[in-house]
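Here's a quick tour of some aromatic pairs and a helix crossing. Have the viewer open while you read.

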Amino acid sequence: MELDKTTAVVTGGGTGIGRAVALALARAGAAGIAVNYASSRADAEETVAELRSLGCDAFAVRADVADAARVRSMAERVLSAFGEVHLLINNAGTTRRVPHADLDGLTDEIWHEVMDVNVLGALHCAQSFAPSLRETGGAVVNISSISGYRAGGSSIVYGVSKAAMLQLTRNLAVALAPEVRVNAVAPGTVATRWQTGLHGEAGFEAMARKERERVPLDRTSGPEHVAQAVIGLLGMDMVTGEALIVDGGKHVTY
Ligand SMILES: NC(=O)c1ccc[n+]([C@@H]2O[C@H](COP(=O)([O-])OP(=O)(O)OC[C@H]3O[C@@H](n4cnc5c(N)ncnc54)[C@H](OP(=O)(O)O)[C@@H]3O)[C@@H](O)[C@H]2O)c1
């Protein structure tokens with residue numbers, strides 16, 4: 001698919017991976033990008049300014065993706081601004097740090113909070129944008145995680161939510177065919193505020209240094225590496241229901 005003159009929605013598009021994807025889309029010729037956020041308004045506005053400086057018609061739109069009514073309102077606003085949407089990037093995500101062995105610490109509240117944003121949020125966006133995506137012959141990319149394959153990461157529910165996102169990707173690929181392709185990118189560790197929020201600056205640097213010993217490419221991914229994979233998948237016209245791991249090859253070693 002040609003990205004030139006397309007319009008896109010990037011959830012959680014103001015920061016980290018979402019911001020990198022939005023910028024990559026603009027550089028690939030996207031004509032309009034809606035930058036979704038839940039609370040990081042300043043970051044979203046900053047990303048919008050960067051997108052506009054690249055000649056892309058961009059605006060920030062607030063919506064908690066876990067809230068179906070707010071996602072529907074977001075879709076109305078985006079469609080009234082752009083007329084149609086070609087690309088949906090389900091990047092918004094959250095986690096809570098709960099040691100895996102602490103089963104009682106994984107409360108129902110934490111479970112629902114993480115699942116509602118990471119899984120239901122992606123479904124809400126697919127539901128609200130599906131009619132336009134079908135009309136335009138568009139594409140969806142879901143940002144999952146290596147935690148969807150491995151029993152590691154910040155908490156059990158985070159891994160379960162990212163595994164669910166992989167299955168949601170396969171099911172939506174069938175549900176929205178033949179008009180819309182749906183794929184996923186599963187990053188390993190990516191240097192964003194996500195990691196420094198979980199581990200602190202020094203803690204993340206130490207963790208990343210240790211991890212690089214097991215990463216064949218001997219580098220820590222940046223958000224731009226995930227964006228490369230998103231752009232790649234968007235251009236693959238016969239690929240749907242697929243997931244691409246972006247982790248410098250770590251998962252092929254053990
Ligand atoms: N960094 C990593 O190592 C890594 C690895 C694998 C996968 N991922 C995935 O990559 C995605 C982006 O993460 P990141 O590393 O770029 O961290 P990030 O900068 O913290 O991005 C998370 C984004 O999700 C948004 N968000 C969270 N809850 C939301 C909600 N209820 N509604 C709408 N937006 C919401 C945040 O916006 P607000 O601040 O406005 O809420 C933020 O823009 C996430 O899905 C994460 O699971 C990250």
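Is Phe82 buried or exposed? With a relative accessible area of 15%, Phe82 is buried, since the cut-off for buried is under 20%. Keep in mind that this is a predicted model.

**Aromatic pairs**

Searching the whole structure turns up 2 aromatic pairs. In one of them, the rings of Phe59 and Phe82 have planes at 55°, so the pair is tilted. The pair links distant parts of the chain, with Phe59 in strand β3 (residues 57–62) and Phe82 in helix α3 (residues 68–82), 23 residues apart. Phe59 is buried as well, at 11% relative accessible area.

Tyr158 and Trp194 also make a tilted pair. Tyr158 sits in helix α5 (residues 156–175) and Trp194 in helix α6 (residues 193–199), so this pair ties together parts 36 residues apart in sequence. Tyr158 is buried, with a relative accessible area of 9%, whereas Trp194 counts as partly exposed at 29%.

| Pair | Centre to centre | Angle between planes |
|---|---|---|
| Phe59 and Phe82 | 5.4 Å | 55° |
| Tyr158 and Trp194 | 5.6 Å | 45° |

**Helix crossing**

Now for α1 (residues 16–27) and α8 (residues 223–234): their axes come within 8 Å and cross at roughly 50°. That makes α1 oblique to α8, and the crossing is right-handed. Among the residues making the contact are Ile17, Ala20 and Val21 of α1, along with Val226, Val230 and Ile231 of α8. The residues of this contact divide into 11 nonpolar, 1 polar and 1 charged.

Conventions
Residues numbered from 1 in each chain as written. Predicted model: local features only at pLDDT ≥ 70, side-chain atom pairs only at ≥ 80, totals over all residues. Heavy atoms only, no water. Axes fitted to C-alpha atoms, helices over the stretch in contact; angles between N-to-C directions. Helix = DSSP H or I, 4+ residues; strand = E, 2+ residues; numbered from the N terminus. Parallel < 35°, antiparallel > 145°, perpendicular 65-115°, else oblique. Left-handed = near helix turned anticlockwise from the far one by under 90°. Contact = heavy atoms within 4.5 Å. Nonpolar A, V, L, I, M, F, W, Y, C, P; charged D, E, K, R; others polar. Phe/Tyr/Trp six-rings, centres within 6.5 Å; stacked < 30°, edge-to-face > 60°. Buried < 20%, exposed > 50% of the residue type's maximum accessible area, 1.4 Å probe, protein only.
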